[in-house]
Each structure stands twice: as structure tokens, then as C-alpha cells.
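Biologist: I would like to learn how to read a protein model. Could you take me through this one step by step?

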Amino acid sequence: MAATPRFRTEISEGTDRKHPVDETLPPLKMFTSGLQHVAAMYAGVVAPPMIVGPAVGLTAKETAFLMGASLFTAGIATLLQTLGFWRVGARLPFVNGVSFAGVTPMIAIGKDRGHDGIAVIFGAIIVASLLGFVLAPYFCKLVRFFPPVVTGTVITLIGVSLLPVAFNWSQGGNAGADDYGSTTNITMAAVTLVIVLALRKLLRGFLQQIAILLGLVIGTLIAIPVGITDFGTLGDADLVGFPTPFHFGAPQFEIAAIVSMCIVMLVCMTESTADMLALGKIVGRPADERTIEGGLRADTLGSAISPLFNGFMCSAFAQNIGLVAMTKVRSRFVVAAGGAILVVLGLVPVAASVIALVPLPVLGGAGIVLFGSVAASGIQTLAAAALEKGENALIVATAVGIGLIPIAAPDFYHAFPEDLLVVLDSGISTGCVVAILLNLAFNHLGRKPAGGEEAAGSEPSKDPLALPVAH
């Protein structure tokens with residue numbers, strides 16, 4: 001094979017300029033852009049331990065410890081992804097954090113078992129993560145089954161699946177609270193949304209790139225007199241704290257728990273593969289098998305290390321893909337700076353509390369733009385998927401329809417076994433599987449491309465970012 005550079009997208013021929021993914025920014029821009037990524041994903045990182053902690057019987061202080069540990073381990077996993085070493089890391093602006101896919105099975109494993117429950121959860125995560133690390137070189141070969149008709153569907157589902165999170169934040173985040181869905185909360189979300197859009201329209205250059213961060217700051221300042229900013233976390237937070245290894249005891253290993261977390265790991269690997277493909281499209285560096293293999297290894301290695309410091313399973317954070325798409329800041333070192341900030345937040349609880357000052361309605365208003373950007377990127381990819389050919393439109397329609405079931409009808413699968421719900425309750429995973437299977441059925445099995453042309457749905461000659469497909 002010719003010795004040509006692996007990635008040349010959007011780089012003028014004959015120049016030695018680095019790809020935007022590999023460029024470094026001035027320190028101030030690096031820090032503020034990294035902080036913007038942290039602000040976008042902070043709530044998603046602390047939410048799983050906030051849910052799991054009380055469910056297994058931990059005290060409020062122990063749950064807060066879990067939250068700090070999750071920030072610390074998310075930072076480590078993000079650094080593994082962005083900087084990498086050997087064949088570990090996608091080396092893309094890829095943010096990692098605690099996976100929501102594991103919340104339900106973790107609660108089932110550790111419910112009301114206190115420290116023993118956490119120890120069993122951690123043991124299962126370690127085994128599942130090490131197994132995932134071994135499988136990564138084989139799992140990554142699925143990339144050949146992701147032509148534009150599949151990737152566009154999955155990217156769209158990622159964005160659409162995240163929008164309910166933004167809507168929930170906009171209402172207040174806690175459905176049991178008295179002010180959930182109040183006009184005050186929703187108005188604050190709307191105000192933040194308008195501020196972000198106005199800043200994107202009026203500002204130029206670097207200030208335009210950090211419009212989300214500025215919008216969050218302005219929205220939080222407005223929320224103070226409104227009365228929805230909680231300063232209580234500042235007073236309760238310690239100045240310095242380290243997530244002591246195995247704080248809740250040595251990991252314990254139970255077969256049933258390990259099987260459940262292995263299923264979760266496969267779900268996380270599927271979603272991470274889809275996220276890497278989406279991010280590769282957005283930054284102009286298509287994710288090939290080697291990139292995905294490195295990304296999955298970083299996911300699984302980060303997840304295996306995480307329990308050592310009392311953290312949970314880590315996977316890709318799709319909301320940050322929307323931030324990359326919107327800001328056009330593609331440097332992986334910016335996200336690495338965000339990873340370093342996460343590590344610091346995990347070591348300095350009082351600093352983490354400052355980030356937590358952003359009210360969820362404010363974060364929800366910004367989230368609508370962020371997550372909508374991901375869906376828009378998927379629609380853009382589908383535009384290159386030759387929907388007029390063969391049954392490609394039918395593939396997209398069916399996969400999107402099935403992928404939307406957990407969003408439109410959350411109780412649709414209520415009668416199914418809990419182990420299956422790990423997969424079925426993820427619209428991204430189910431939509432991805434359906435799109436792959438239908439693409440194989442309609443575009444590959446029993447059909448040979450005429451005249452050497454590619455199978456319907458790929459058209460690589462028209463789409464320079466199209467991924468290879470299996471024949």
C-alpha cells in the first residue's frame with residue numbers, strides 16, 4: 001500500500017501544516033475551551049454515582065466521595081483517549097466519563113448491600129473491562145459495517161437520544177422536586193438558549209468558539225437573583241481530597257454481576273464505536289479500524305483502572321461531540337486540558353463545587369444546542385448516503401423508528417428480562433444494530449455490485465469521508 005499520510009482531509013496538498021486535531025492552542029484558549037467541555041459533561045459524570053450511591057445504601061458523604069472519584073477517573077480516561085500511548089487511545093477530541101448504561105444493572109447488583117454492594121460492582125467492572133480490552137482488536141473490525149447509511153442513522157440517534165436529557169435539565173433535573181417543570185426553570189433554559197444563539201451570532205473568533213461557556217456563565221449569573229442557584233455545595237465541600245484506592249473495600253467477584261457488566265461493556269463498546277465514527281466525520285479525520293481499536297482500548301483500560309479509585313465504567317460522552325461540531329475547535333489537546341481539569345476537580349472537591357453552581361435549567365438550555373448539533377451532523381451524513389437508491393430510505397426509517405422507542409415509549413420493554421433491558425433501553429445501541437443488519441440484508445447478502453460499483457449506501461467516490469463496507 002502506498003506510503004501516504006493516513007489523514008489529509010481539509011489539509012492543503014503540499015503543506016506540512018498539522019491536522020487541526022493535532023494542533024495546540026495558546027494556554028488561555030486551551031484552558032477555557034477545555035473548561036467548556038467540562039461544563040458540558042459535568043452533570044452527566046456525577047449523575048450516575050448520585051443515583052447509585054443512595055440505592056446501594058451509602059450515606060450522603062460517601063455518595064459525594066463517589067462523585068469526586070468519578071470526576072477523577074473520567075479525567076484519567078479522557079487523557080488516555082486524547083493523548084494515548086502505544087496502541088491505546090483514539091487520539092481524537094474524545095471525552096470519556098461514567099456510562100449511564102450501567103446504572104440500572106449496578107443498582108440491581110448492589111441494592112441495599114452498602115459497601116459490599118459497591119465492592120461487588122467494582123469487581124464486576126474490572127473483569128468486564130479487562131475482557132473488553134482483549135476483545136477491542138476484534139470488535140473494531142465492525143467498522144466495515146458502518147457505511148454512511150448506518151453512520152448517519154446512528155449519529156442522528158445519538159443527538160435525538162440526548163435531547164431528552166437536555167429537556168429534563170431544563171425542567172430542573174429532579175422529577176420529584178416541587179419546582180420541576182416550573183415556568184421559572186423553563187424560562188431560564190430558554191433565556192440561556194437565546195443567549196448562546198445571540199453570542200454565536202454577534203461574537204467573532206475565539207469568543208464565538210466559547211459561546212457555550214459564556215452562555216453558561218451569564219445564565220448562572222442571571223439565575224442567582226432568580227433563586228435557582230444553590231451555593232450550599234460550596235460550604236459542604238472539602239478543600240482537598242484524594243479518592244483513596246479501594247475506599248469501600250477490596251473488589252468482590254460474583255458470576256451474575258460479572259455477566260451483567262459484560263453485557264454493559266458490549267453496549268458501551270457499541271456506542272463508543274458509533275461515537276468515534278461520528279466524531280471522525282465532524283473533525284475531518286475518519287475513524288479507521290486502528291483508531292477505533294485504540295479508542296476501545298482506552299475505554300476499557302480506563303474502566304479497568306476506574307474501580308481502583310472508586311469510579312465506575314467509562315465510555316464516550318456524546319454531548320461533547322456536539323460541542324466540537326458547534327465550536328469547530330477540533331484539537332484533541334483542548335479535550336486533554338479538559339481531562340486534566342477533571343482530575344483536578346476530583347482532587348479538589350471545592351473546585352468541583354464551583355462547576356456545580358451552574359443550575360441544571362441553564363445547562364439544559366445550552367444542551368439543546370449541543371445535542372441538536374449532533375443530530376444535525378447525522379442528517380448531514382445521511383445526505384451522502386444515497387437514500388434514493390435501493391432500500392436505503394427503508395433502512396434509515398426502520399432503524400430510527402426502533403431507536404426512538406426508548407425515548408417515545410420508555411416502558412415499551414417493561415415485560416422483558418432485566419438483562420435485555422441493558423441493550424433495549426439504549427436507542428443508540430438498538431438503532432445501530434438494526435441499521436447494520438438491514439444494511440447487510442438489503443445491500444450485501446445475495447447481491448453483487450454491478451460493474452465494480454460499491455453497494456448501495458456507501459458511494460465512497462462521492463463522499464471522501466465514507467467508510468469502507470463489507471461485500
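Biologist: What does the accessible surface of the chain come to, and what percentage belongs to carbon and sulfur atoms?

Modeller: Accessible areas come from the Shrake-Rupley method with a 1.4 Å probe, and for residues only the protein chains shown count as cover. Here the accessible surface is about 19400 Å², with 66% belonging to carbon and sulfur atoms. Please keep in mind that this is a predicted model, where local features need pLDDT of at least 70, side-chain atom pairs count only at pLDDT 80 or more, and totals for chains, interfaces and linings use all residues. Residues are numbered from 1 along each chain as its sequence is written, and side-chain values use heavy atoms, leaving out hydrogens and water.

Biologist: How many helices and strands are there in the chain?

Modeller: Helices (H or I, at least four residues) and strands (E, at least two) are DSSP runs, numbered from the N terminus. The chain has 19 helices and two strands.

Biologist: What percentage of the residues in the chain is buried?

Modeller: Buried means under 20% relative accessible area, exposed means over 50%, and partly exposed is in between (1.4 Å probe, protein chains only). Of the 471 residues in the chain, 55% are buried.

Biologist: Which residues have the most contacts inside the largest nonpolar core?

Modeller: A nonpolar core is a set of buried Ala, Val, Leu, Ile, Met, Phe, Trp, Tyr and Cys residues joined through side-chain atoms within 4.5 Å. The largest one has 103 residues, and I121, M261 and F312 have the most contacts inside it. Helix α10 (residues 255-283) gives the most to this core, with 15 residues. Contact means heavy atoms within 4.5 Å. Leaving aside neighbours within four places in sequence, M261 is in contact with residues including P105, I109, A128 and M313.

Biologist: Is S306 buried or exposed?

Modeller: S306 is buried, since its relative accessible area is 0%. S306 sits in the loop between α11 (289-305) and β2 (314-316). A polar contact is a pair of N or O atoms within 3.5 Å; within protein, one must be able to donate a hydrogen and the other to accept it, and residues adjacent in sequence count only if both atoms are side-chain atoms. The side chains of S306 and T73 make such a polar contact (3.3 Å). Not counting residues up to four places away in sequence, S306 touches T73, G311, F312 and C314.

Biologist: How many salt bridges does the structure hold?

Modeller: Side chains of opposite charge can pair when their charged atoms come close. A salt bridge is a side-chain nitrogen of Lys or Arg within 4 Å of a carboxyl oxygen of Asp or Glu. The structure holds six salt bridges.

Biologist: What do R87 and E293 tie together?

Modeller: Their side chains meet in a salt bridge (3.4 Å, N to O). R87 lies in the loop between α2 (60-82) and β1 (96-98) and E293 in helix α11, so the pair ties together parts that are 206 residues apart in sequence. R87 is partly exposed at 35% relative accessible area, whereas E293 is buried at 7%.

Biologist: Which residue forms a salt bridge with E293, the closest N and O atoms being 2.7 Å apart?

Modeller: That is R297. R297 and E293 are about one helical turn apart because they are four residues apart in helix α11. R297 counts as buried, at 10% relative accessibility.
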